[in-house]
Amino acid sequence: MELSAIVEALLIASDEPLATSEVARLVRARVAEAEDVRAREFEEGKEPAALEEWLTNLSAVSSEQVAEAIAALNTAYETSGRAFYLTERAKGWKLYTRPKFGEFVRQLFPGRKPERLSGPAMETLAIIAYRQPITKAAMEAVRGVSCDGMIQKLLDRDLVRIGGRADLPGRPLLYETTDLFFEHFGIRSVDDLPNSAELRKVKLPEPKDAAPAEPEPQQLSLGANAESSSES
């Protein structure tokens, strides 16, 4: 049995993305389980058959080998014209349908219409994405207007979250992007954002004097509904 087929089976069966290290661990765990079963049978006086060579060869599978198997799978998908491919996101690897089939797939969800973020909301989201974790005051210093409504909208869409409080007077809230943000925009980390290194170094306007501690805004988790949106 080829490693690429095993990796494919794991990624199809998993509800969540899997990192290469986790896939490698699962493969090694299966070998260890088989060895334990065989050892118990010996203890019980039985004479179990030796493990198949292809299985024992997987006892030391590494993350690098899993990555090579994933690359081989994607090459096979591409050459055979399959409608899906494997891609890595913030949490790991997952199977996705190719974008060109998106309009067909959307017919499975007739009640879910794509919603686009407004310009101000996208501007606020970009500030958070590039300069996270960031306070509301710092966002407003950049935009020059109140960001309360935009922040609440992004929280409701599960694109940003509260990441704690800053060590500043008034202990203002800190905002950062969620895993859904990276998933939706097809990136693994902040470093994958366009011109990330340069834009994260740009000096931002200083916020006004800190206000008293702000209450936490309402947070909603939209789950699948948020993931099916098309903010991009």
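This is a predicted model: local features need pLDDT of at least 70, side-chain atom pairs count only at pLDDT 80 or more; totals for chains, interfaces and linings use all residues.

1. Three strands make up an open sheet, ordered 3-5-4, and their pairing is antiparallel. At the edges sit strand 3 (134–135) and strand 4 (160–165), each of which pairs on one side only.

2. The pairing of strand 4 with strand 5 (residues 173–177) is antiparallel and runs over 5 bridges.

3. Helix 6 (residues 119–131) touches strand 3, strand 4 and strand 5, and its direction makes about 95° with that of strand 5. Helix 8 (residues 148–156) touches strand 4 and strand 5, with its direction at about 110° to that of strand 4.

4. Helix 2 (residues 20–43) passes a simple length check. With 24 residues at 1.5 Å a residue, the helix should span 34 Å, and its end C-alpha atoms are 35 Å apart, so the two values agree. After helix 2 comes Gly45, with a positive phi near 85°.

5. Which residues of helix 2 are buried? They are Thr20, Val23, Ala24, Val27, Val31 and Ala34.

6. Now for the aromatic rings, where the count comes to 3 pairs. One of them joins Phe181 and Phe182 edge-to-face, at 5.3 Å centre to centre and 80° between the planes. Both of these residues, Phe181 and Phe182, are buried.

7. Phe181 also pairs with Phe185, this time in a tilted arrangement with 5.0 Å between centres and 50° between planes. Phe181 and Phe185 are 4 residues apart in helix 9 (residues 179–185), so about one helical turn separates them. Phe181 has a relative accessible area of 4% and is therefore buried, while Phe185 counts as partly exposed because its relative accessibility is 25%. Together, Phe181, Phe182 and Phe185 form one aromatic cluster.

8. A last contact to look at involves a charge and a ring. Where does the charged end of Arg89 sit? It lies over the ring of Tyr96, 5.1 Å from the ring centre.

Conventions:
Residues are numbered from 1 along each chain as its sequence is written. Side-chain values use heavy atoms; hydrogens and water are left out. Two strands pair if DSSP finds at least two bridges between them. Helices (H or I, at least four residues) and strands (E, at least two) are DSSP runs, numbered from the N terminus. Contact means heavy atoms within 4.5 Å. Axes are lines fitted to C-alpha atoms, for helices over the stretch in contact, and angles run from 0 to 180 degrees between N-to-C directions. The expected span of a helix is 1.5 Å times one less than its number of residues. Buried means under 20% relative accessible area, exposed over 50%, partly exposed in between (1.4 Å probe, protein chains only). Rings of Phe, Tyr and Trp (its six-membered ring) pair if their centres lie within 6.5 Å; planes under 30 degrees apart count as stacked, over 60 as edge-to-face and the rest as tilted. A charge sits over a ring if NZ of Lys or CZ of Arg is within 6 Å of the ring centre and within 35 degrees of the ring normal.
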